[in-house]
Amino acid sequence: MRRRARALHLIGALTAALAVSVAVGTSLVLTTEWGFRLAWRVWVEPQLEVAGASVAQSRGRLVGPLELNDVQLTRETASVRIETVTVRWTLLPLFWRVLDIRYLTLDGVEVILQEVESPPQDFSRGEPGPLSLPEIELPLLLRLARAEVTDVSAKSAKLDASPIQLESVTLQDVTFRSVASIGQISVRSAQGELALAGTLSPTGSYPFDLELSWDLASEPVGSVAGEAHVSGDAAHIDAEIRVVRPAATTLRAQLDHPLEDLSFDAFVTIAGADLR
């Protein structure tokens with residue numbers, strides 16, 4: 001009996017020691033920069049190579065915050081370079097399949113669009129069928145409390161036109177798995193501001209319900225401000241556009257089959273316009 005009791009005590013002590021070791025090791029990986037570098041080399045770097053991406057410098061902890069410098073991604077259609085990426089997130093919700101990002105910043109974003117030649121269309125087998133939209137659904141729920149993208153430029157690799165410059169893009173209260181719920185997206189540039197909120201589902205017929213507002217500078221008209229409510233799906237769209245400046249204008253429109261054979265009905269009212 002004594003030997004059996006001693007064996008049980010020994011097994012219990014070894015189990016406790018193993019549990020403590022696992023807890024300490026997990027804590028070191030999650031809460032120290034050494035653990036972050038280990039995870040980065042073992043798991044992240046191989047995935048970056050497969051994706052055609054690179055990161056010049058990375059530092060932080062897996063529990064956050066993380067900072068990445070000189071992030072580059074190259075695709076056939078475009079190349080993207082980001083000077084600095086900062087992420088603050090909460091890992092505990094991952095046990096419930098939720099990626100909870102509290103704060104995300106991207107600073108110094110440069111997008112270069114590449115010209116890709118489309119393959120010649122072959123109509124020998126008849127007219128092409130209806131356009132098929134991709135189905136997008138994440139394996140977990142993405143929850144983004146706030147994100148800020150600053151100093152953004154986009155240009156074509158072959159055109160001589162000036163790049164499109166944006167001062168900032170701000171996202172608030174965004175969730176997405178199969179349906180994107182957008183608290184607000186605000187875009188600011190030297191020409192003015194644009195805001196968007198609503199829902200969009202990139203599955204099936206892509207149903208959406210969006211609210212937009214804008215205040216832009218336009219030559220020679222001056223300030224152009226208004227708001228719009230747009231809803232529908234890939235087969236039918238209802239839109240009500242209300243312009244506040246320079247003239248009070250309301251446009252109500254219905255569009256059928258916008259991605260195939262577009263047809264529409266519209267009704268316009270104008271009030272207070274000085275057409276001199």
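Biologist: Leaving aside its neighbours within four places in sequence, which residues is L104 in contact with?
Modeller: L104 is in contact with V85, T86, V87, L144, R146, A147 and E148, where contact means heavy atoms within 4.5 Å. Please note that this is a predicted model, in which local features need pLDDT of at least 70 and side-chain atom pairs count only at pLDDT 80 or more, while totals for chains, interfaces and linings use all residues. Residues are numbered from 1 along each chain as its sequence is written, and side-chain values use heavy atoms, with hydrogens and water left out.
Biologist: Which residues touch the most other members of the largest nonpolar core?
Modeller: They are V85, L104, L106, V109 and L144, in a core of 24 residues. A nonpolar core is a set of buried Ala, Val, Leu, Ile, Met, Phe, Trp, Tyr and Cys residues joined through side-chain atoms within 4.5 Å; buried means under 20% relative accessible area, exposed over 50%, and partly exposed in between, with a 1.4 Å probe and protein chains only.
Biologist: And which element gives the most to this core?
Modeller: Strand β4 does, with five residues. Helices (H or I, at least four residues) and strands (E, at least two) are DSSP runs numbered from the N terminus. A second, separate core has seven residues, L210, W214, V230 and I237 among them.
Biologist: How many helices and strands does the chain have?
Modeller: There are two helices and 13 strands. Of the 276 residues, 24% count as buried.
Biologist: Changing topic, how many aromatic pairs are there?
Modeller: The structure holds one. The ring centres of F95 and W96 are 6.5 Å apart and the planes stand at 80 degrees, so the pair is edge-to-face. Rings of Phe, Tyr and Trp (its six-membered ring) pair if their centres lie within 6.5 Å; planes under 30 degrees apart count as stacked, over 60 as edge-to-face and the rest as tilted.
Biologist: Are F95 and W96 buried or exposed?
Modeller: Both F95 and W96 are exposed.
Biologist: What about R252, where is it placed?
Modeller: R252 is in strand β12, residues 248–256, and is partly exposed at 41% relative accessibility. R252 and E240 are twelve residues apart in sequence, and their C-alpha atoms are 4.5 Å apart in space.
Biologist: Last one: where does L38 lie?
Modeller: L38 lies in helix α2, residues 33–51. With a relative accessible area of 40%, L38 is partly exposed.
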